[in-house]
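Here are a few notes to read alongside the model. I start with a helix pair and then turn to a pocket.

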Amino acid sequence: MKRYVSLDVMRGLTVACMILVNNPGSWSHVFPLLRHAEWVGCTPTDLVFPFFVFCMGAAMAFSLQKYQSAGKAALKIFKRGIAIFLVGLLLNMFPFNSGGTDWGKWFGEIRIFGVLQRIALSYILAGLLALWLKKPLKLLAAIAVLSVIHTFILVRFDTGLADFMLEGNAASKIDIAVIGESHLYHQYRFYDGTPAAFDPEGLLGTLTTACTALIGFLAGSMIRRSSARYASASERTEKDSPVWVVSRIYTYSVLCLAFSLILSIWIPVGKPLWTVSYTFYSAGWALLVLAFFSYFIDVLNVEKPFVPLKMFGMNPLFLYALSVVLSKTIISVIGWTPASVFGGNECMSLLYALLFVLLHFVVAAVMYSRKIFIRL
């Protein structure tokens, strides 16, 4: 089956946005829309990570079809998940004790979790569930079960003054118990200003992140089946046409957004805990963006304007990893601070981020022109 170009384009947009929001000229001068919400709420920046997870799930619906046995597919899922996790861990470790501190202390403070680690764990969980359950209704039931378990743990074992807050949340307790406080993220602050040992890519959120991937898998499976039937003259129906596919994606996006708004009455929308309401809110927007690209590319056959994004989307993990290595090299190894030149105001800070994205676009374009596609 040929590649689903709309998905490549959406994935490319996501990677470009990930690089953009992670590399401002100065963290002191960032436009509000390019910042994460402090805890509760959702800015456009908070949608970037779940968009990537959604695209991963949708792509899984196509990639798993290549395997003739569930055993081989499961083995591939484990291998790829472990490889992605290790790459993420190496990115956390880079530039490998450049400060020259005690090696024991350095190893004892390495952050274990991160973006790629969360992607890896949710990929394994969602992939195995997709292989095991297969049917859409069963997968919807799995999403419901994972959502209930996640919410129950947060509510039942929260010791803070209010549920779903930084203070006393169950997610940080699990991570501290499993890997220790020193290996967690420490950039969040309690109300009194003291740093909190809380990792936004910790273990518990893997449950709902897998739900995001499964929603993407359901969308990808629907697209794959409809496209296959529409390509066959004997099985083609009007409801398999690109127009109908786009209309269904759009409808599902509205349903997800409506459901998330209802859930938000009791469960706040928040990325740090990857709450259930956030899961469906971000998935709703992801479906809407996919419907947008599908309409232009698959219905109107307008693809050329989106080729730059497609270039990004053909090597997403490599470009993301490259951006992390390059950023750390500039700041930690070379010792140059972008804020010294681009830190005067929000516009200059954004200019540096755009130039950083442009640099990666050049790399993506060269790789695309030479048909170099790096996949784990």
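1. The crossing of α5 and α8 is right-handed, that is, the near helix is turned clockwise from the far one by less than a right angle. Helices here are DSSP runs of H or I with at least four residues, numbered from the N terminus. Bear in mind that this is a predicted model, with local features needing pLDDT of at least 70 and side-chain atom pairs pLDDT 80 or more, while totals for chains, interfaces and linings use all residues. Residues are numbered from 1 along each chain as its sequence is written, and side-chain values use heavy atoms, without hydrogens and water.

2. The axes of α5 and α8 (residues 206-231) come within 8 Å and cross at roughly 55°.

3. On the α5 side, R118, L121, S122, L125, A126, L129 and A130 meet T206, L207, T209, A210, A213, L214 and F217 of α8 (contact is heavy atoms within 4.5 Å). These contact residues split into 10 nonpolar, three polar and one charged.

4. Now the second largest pocket: about 800 Å³ of space lies in it. A pocket is an open set of points on a 1 Å grid where a 1.4 Å probe fits, with protein on both sides within 12 Å along at least five of seven lines; lining residues have an atom within 4 Å of a point.

5. Its lining has 32 residues, with R3, R11, A59, S63 and R375 nearest the centre. α2 gives the most to this lining, six residues. By type, the lining holds 20 nonpolar, three polar and nine charged residues.

Note on methods. Points joined across faces, edges and corners; volume = space filled by probe spheres on them. Helix = DSSP H or I, 4+ residues; strand = E, 2+ residues; numbered from the N terminus. Nonpolar A, V, L, I, M, F, W, Y, C, P; charged D, E, K, R; others polar. Axes fitted to C-alpha atoms, helices over the stretch in contact; angles between N-to-C directions.
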